[in-house]
Amino acid sequence: MNATPNISPASPSPRPILALPDQLISQIAAGEVVERPSAVVKELLENALDAGSTSVQIRLEEGGVKRIAISDNGRGIPADQLPLAVARHATSKIASLTDLENVATLGFRGEALASIASVALLTLTTRTAEAPHAWQIENGKISPASGAQGTTVDVQDLYYNTPARRKFLKSEQTEFGHCAEIVRRIALARPDVTFSLSHNGKAVDHWNISAIDKRSAHILGDAFANARLALDESAGPLRLHGFAGLPTASKARADAQYFYVNGRFVRDKLLTHAVRAAYQDVLHGDRYPSYVLALDLDPALVDVNVHPSKIEVRFRDGRAVHQFVFHAVSRALAQTSATSFGTVPAPATAMGSTNNGSGKIPWTSGEQTSFSQQFSQEFSAKPREFSGYAFEPQNNPQGGVAQTTQSYGALFARDLNPMGDALTQTNTASFAGSELPNDEHPLGFALAQLHGVYVLAQNSKGLVLVDMHAAHERILYEQLKNALDENSMPVQPLLIPITFYADGIEVGTVEEHQAVLQSLGFDIAAISPTTLAVRAVPALLKNADAQSLARDVLREVREFGGSRVLIDRRNELLGTLACHTAVRANRNLTVIEMNALLRQMELTERADQCNHGRPTWVQMGLNDLDKMFLRGQ
Ligand code: ADP
Ligand code: MG
């Protein structure tokens, strides 16, 4: 009945303990270090960069299985050290534990070349600046060779002597794909180095020395180049710089996420989580942000020796790093910016120095302006002359005249601003086109409404198009969030309570979760076992249909359980509420209402994306328009 299943295979007869031969040790190590061709590419590229190269060629055949040949123009290896270079645990990069704790080179374990040589045919040709000619080592034999300064490592027939491993390899295209991704990762980290990649004799990619903004545009493509924020923030020993893609550049897969720690590409849970959390407010859960970010810090504060291929790291103070990264990315995303057409909003950065001995990514020339700086600079520039364009002052597009100052409150100003604020400026707004765009109003002034969906506005750069529902939704969402955070949700009592028929579950939820409902600004009471009365709603949402608003809140509260809804589901809940109330498409707005919306957007953090991650506005610069009409070409 109770037969124990026999899970242990018949154990082989015991053998005496023996020290393993060197070759076998390397082959075992190779299992970790050289798990597939792309891992060889990674190790060889890292060696080339550690040697101070500025130009690297990668030639692959049959996905790297047949051949991986990598040539660099680095400092080379002196002939007398050649045998050691391919010996196990031999490295020029560290000599002591102190060195290990402060390692600034990519390699340091001294096992890559030995591991590769144990599972493939490896030939290394190298020449230092001083040497009269090159030297070659193959199979332990050293001989004179020809060649320029630098090193070429030629690896052929990977796993020729370990057929079991060879079986695990995937198709040629798949293996090549992995190799190419490794090259991209490294090329992104080092825009100061030229890389070229060929496969089966055909050139596949080539990156000249350039600035990181160009190289990342080249590698991540136009969608990223046109929708990204440059960021560069420091706090104490930590610096985070690079580009965070806007939600419009997000992807269905997490394949455009490049994170570097001291110049080393990592896939680290803590860092991925910090970035992901920063995007939470602006990105739908099933989308993945695109980014190229580099964290630089004192090497003593991070242990890179926790993983054989060093893809994970361990921080001395993980919490501080998490906080810093989260806040830096959040702040970048909170800036109001537009998805502009055909222009890269990021500042161009000059090429960094070629000496990367510090392990820091050479992405900046030290003159980088943050996006916000650039943004305000652009808008403070003198408004340009609109020569040749007739931007006629517009009357109210609905045919009526612009309304009196009373009506500005009709929608955005009064409703969105229970406290009253900077909107007073717009009280005096007259007709749209007569306003001179200035730096105070980066989103400019409304011209008209298009098909009841878009607001057209004019700013100093050109035309601004606003998705009014998305924009309003974002404004409401941020206002709700602030009010909830400050525990001061303004409440609007209803003169006549709205009553509706409710089922037992809804009535039960009301009775059970009064406190949560109140903190959200709702006063809902059960006035019979089957009737609910809404007596007050959040003032920010008072234009919504009270009954469906109440039903939605009750459903969320019930599904996610009382106070948890305010913690884990808070943002989703507020998003639902905001969507309810946001001005619907096809609602006609007056010019004054449109301007109120623009002013409100400027005051709102993250106003450039609705909380579903869609952009809320785009800028079409006069240059873009000129191009469309082939002016000046
Ligand atoms: P590690 O990189 O961990 O030191 P490797 O086995 O990758 O170990 O390389 C061993 C040594 O060979 C390095 O420390 C370096 O001195 C030398 N070496 C390897 N590749 C190159 C290269 N492309 N240019 C110059 N020196 C190299
Ligand atoms: Mg190495």
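Tyr288 is partly exposed, with a relative accessible area of 32% (buried means under 20%, exposed over 50% and partly exposed in between, for a 1.4 Å probe and protein chains only). This is a predicted model, in which local features need pLDDT of at least 70 and side-chain atom pairs count only at pLDDT 80 or more, whereas totals for chains, interfaces and linings use all residues. Residues are numbered from 1 along each chain as its sequence is written, chains are lettered from A and ligands numbered from 1 in the order in which they are written, and side-chain values use heavy atoms, with hydrogens and water left out.

**Surroundings of Tyr288**

- Tyr288 belongs to the loop that connects helix H10 (269–279) with strand S13 (291–296); helices (H or I, at least four residues) and strands (E, at least two) are DSSP runs, numbered from the N terminus.
- Beyond residues up to four places away in sequence, Tyr288 touches Ser250, Lys251, Ala252, Arg253, Ala254, Gln257, Arg276 and Leu283, a contact being heavy atoms within 4.5 Å.
- Gln257, one of these partners, is 31 residues from Tyr288 along the chain, and their C-alpha atoms are separated by 8.5 Å.

**Helix H5 and its cover**

- Helix H5 (residues 112–119) is largely enclosed by the rest of the structure, because seven of its eight residues are buried.
- These buried residues are Ala112, Leu113, Ala114, Ser115, Ile116, Ser118 and Val119.
- Their cover includes helices H1 (22–33), H2 (37–50) and H3 (82–85), together with strands S3 (121–127) and S6 (150–156).
- The axes of H1 and H5 come within 8 Å and cross at roughly 105 degrees; axes are lines fitted to C-alpha atoms, for helices over the stretch in contact, and angles run from 0 to 180 degrees between N-to-C directions.
- H1 and H5 are therefore roughly perpendicular to each other (65 to 115 degrees; under 35 counts as roughly parallel, over 145 as roughly antiparallel and the rest as oblique).
- On the H1 side, the contact involves Gln23, Ser26, Gln27, Ala29, Ala30 and Val33, and on the H5 side Ala112, Ala114, Ser115, Ser118 and Val119.
- Glu111, placed in the loop between helix H4 (97–101) and H5, is buried at a relative accessible area of 11%.
- Ala29, Val33 and His89 are touched by Glu111, leaving aside residues up to four places away in sequence.

**Salt bridges**

- The whole structure holds 19 salt bridges, each defined as a side-chain nitrogen of Lys or Arg within 4 Å of a carboxyl oxygen of Asp or Glu.
- Lys66 and Asp157 form a salt bridge through their side chains (3.0 Å, N to O).
- Lys66 lies in the loop between strand S1 (55–61) and strand S2 (67–72) and Asp157 in the loop between S6 and helix H6 (163–167), so this pair ties together parts that are 91 residues apart in sequence.
- Lys66 is partly exposed at 30% relative accessibility, and Asp157 is partly exposed at 22%.
- Asp192 and Arg190 also meet in a salt bridge (2.9 Å, N to O); Asp192 is buried at 1% relative accessible area, and Arg190 is buried at 6%.
- A further salt bridge joins the side chains of Lys251 and Asp255 (3.2 Å, N to O), where Lys251 is partly exposed at 33% and Asp255 is partly exposed at 30%.
- Lys251 is also among the residues that Tyr288 touches.
- A network of salt bridges links Glu61, Arg67 and Asp154.
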